[in-house]
Amino acid sequence: MQKLFVDFIPENRIVLDKEQSRHIAKSLRMRVGDMLTLACGDGFDYGCMIDEIDAESVILTVCYKQASNCEPSVKVSLYQGVPKGDKMEDIIQKCTELGIYEITPTLTHRSVSRPDEKSAKKKNARYQKIALEAAQQSGRGIVPAINNMTSLENAVKNDTAVLKILFYEGGGESLNTVIPSDVDSVSIYIGPEGGFEESEVELIKNNGGVVASLGARILRTQTAPVAALTAIMLLTDNM
């Protein structure tokens, strides 16, 4: 069933905005009486029926409310070393589909791309839209938060996850030995092109992090978070 995210869901009738209404009427060609699912990030799915529809507005009635079964039991936060080009867009899309909880673009010593505040704000708006679209397409119960860009030092300082993992091409522990199946929050640190410097590895280790490996092969910066997240979801029985 088609899923859309809205800011708020009232008890009875919902009027969608113009963009969503046009999508339903013109792209999906839905009709009066058709059902779709709405979500607002509160952990529930709302089954709704179309009462009225035209190119500018769609009016729905809430028929039922049920707990979303699409969210994993573990909240995974990604601190992604800022990559070049549009790689971050692919990372956000794929990680949203796989169940990421939040993503923070993170500046490291080897980050080549260093957008100024204005550019970073513009990029963040684009990232939020990509996360929303991917969440709707994959049936997520929430839209992952795309946080403002920060430094690695600030990221580590404010990281409250139970388990912190840095993935390092220099080697590390196997994920099988690092991830307990009942862990409820994990943060993962992925370097940009060129990886992490030794001082950054030590920074994370000194703040309670562990160093892990994704195998003998060196993965690209846009491949590593997808591989790491997939492995974590499998090891925590969320896949």
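**A short tour of the model**

You are looking at a predicted model, in which local features need pLDDT of at least 70 and side-chain atom pairs count only at pLDDT 80 or more, while totals for chains, interfaces and linings use all residues. Residues are numbered from 1 along each chain as its sequence is written, and side-chain values use heavy atoms, with hydrogens and water left out.

Now switch to a cartoon view. The C-alpha trace spans about 60 × 40 × 30 Å along its principal axes.

Next, select residues 117-138, which form helix H3, and pick out Glu133 within this helix. Glu133 is partly exposed, at 43% relative accessible area.

For the next stop, select the cysteines. How many disulfides does the structure hold? The count is zero, a disulfide being a pair of cysteine sulfur atoms within 2.5 Å. Click on Cys40: its nearest cysteine sulfur belongs to Cys48, 10 Å away. Is Cys40 buried or partly exposed? Cys40 counts as partly exposed because its relative accessibility is 24%. Finish at Cys95, whose nearest cysteine sulfur is that of Cys70, 17 Å away. Cys95 has 0% relative accessibility, so this residue counts as buried.

Conventions
Helix = DSSP H or I, 4+ residues; strand = E, 2+ residues; numbered from the N terminus. Buried < 20%, exposed > 50% of the residue type's maximum accessible area, 1.4 Å probe, protein only.
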